Amino acid sequence: MTTQPPEPFRRPAPSGELRASHDDREAVVERLRDAAAEGRIDLDELDARLEQALTSKTYAELAVLTADLPSFDPPESQPPLVLKGGMHGASRGPGRWEVPGHVIAHGGMGGVKIDFTRVECRFTEIAVEAYGETAGVTIVVPDGWAADTSGMDPGLGGLRDKTTPDRLPGTPLIRLTGSGGIAGVVIRHPNRWERRKLGSDPKQG
């Protein structure tokens, strides 16, 4: 009986040397954009890091790009904010509040208003489900924010999108879905009265 020589022992590659996938690169790109929106890195540095992220081949190369950034829980690990208009209505804002990655609004009979003009947001996209129902939902976003309403069903009340398409770098995108119901859904920038209030009391919170 002959004994076969043992196969050469292969050392496992350190995790940092493993090849990164498209999803791995995209996750780092999103984190870098979040960091820019938070003011942690400036736009020039963002551009440089994004270029490196898209050309990185290993985990180690990607890890360097976010090593100096704090980690945070992904949006899917956080519960959504649910607002129900009920009989008397509901609102969030315009004071300062931290935005989750997912917001759900039911207009009910009293209506819902969501005001993002003073929020603290660390996401590049915010998923908003709006159901106008009987009294409607109004969403107010700062200048420079943009909205994608292609997934919205206007219903009987309709959808009024009064936002501008000029999205500033580092600002979130509102991805709006749901249904207008009977009263409809409105998404817009601040009106004249709201702008006057913002200008006269910038530290309101």
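Tutor: Happy to. Let us begin with Glu-133, whose relative accessibility is 31%. Buried means under 20% relative accessible area, exposed over 50%, and partly exposed in between, with a 1.4 Å probe and protein chains only. Glu-133 therefore counts as partly exposed.

Student: Before we go on, what kind of model is this, and how are residues numbered?

Tutor: This is a predicted model, in which local features need pLDDT of at least 70 and side-chain atom pairs count only at pLDDT 80 or more, while totals for chains, interfaces and linings use all residues. Side-chain values use heavy atoms, leaving out hydrogens and water, and residues are numbered from 1 along each chain as its sequence is written.

Student: Thanks! Which loop holds Glu-133, and what is its phi?

Tutor: Glu-133 lies in the loop between β5 (125-131) and β6 (137-140). Although Glu-133 is not a glycine, its phi is positive, at about 55°.

Student: How many helices and strands does the protein have?

Tutor: Helices (H or I, at least four residues) and strands (E, at least two) are DSSP runs, numbered from the N terminus. From that end, the elements run α-α-α-β-β-β-β-β-β-β-β-β-β-α. The count is four helices and 10 strands.

Student: Which residues of α2 are buried, and why do they line one face?

Tutor: Helix α2 covers residues 43-55, and Leu-46, Arg-49, Leu-50 and Ala-53 are its buried residues. Seen down the axis, these fall within an arc of 105° (taken from the directions from the helix axis to the C-beta atoms), so they line one face. In general, an α-helix has 3.6 residues a turn, so residues three or four places apart point the same way. On the other side of α2, the exposed residues are Asp-44, Glu-51 and Thr-55.

Student: What covers that buried face?

Tutor: Here contact means heavy atoms within 4.5 Å. What covers the buried residues of α2 includes α1 (22-37) and α3 (59-66).

Student: Which residue caps the N-terminal end of α2?

Tutor: Look for a side-chain oxygen 3.3 Å from the backbone nitrogen of Asp-44. The capping residue that supplies this oxygen is Asp-42.

Student: How are the rings of Trp-97 and Phe-116 arranged?

Tutor: Rings of Phe, Tyr and Trp (its six-membered ring) pair if their centres lie within 6.5 Å; planes under 30 degrees apart count as stacked, over 60 as edge-to-face and the rest as tilted. The centres of Trp-97 and Phe-116 are 5.5 Å apart and their planes are at 35°, so the pair is tilted. The two residues are 19 residues apart in the chain, with Trp-97 in the loop between β2 and β3 and Phe-116 in the loop between β4 (112-115) and β5.

Student: Which residues form the aromatic cluster?

Tutor: Phe-116 also pairs with Trp-145, with centres 5.8 Å apart and planes at 45°, so this pair is tilted. Both Phe-116 and Trp-145 are buried, and Trp-97 is buried with a relative accessible area of 8%. The cluster is formed by Trp-97, Phe-116 and Trp-145.

Technical notes
Expected span 1.5 Å × (residues − 1). Polar contact = N/O pair within 3.5 Å; in protein donor to acceptor, adjacent residues only side chain to side chain.
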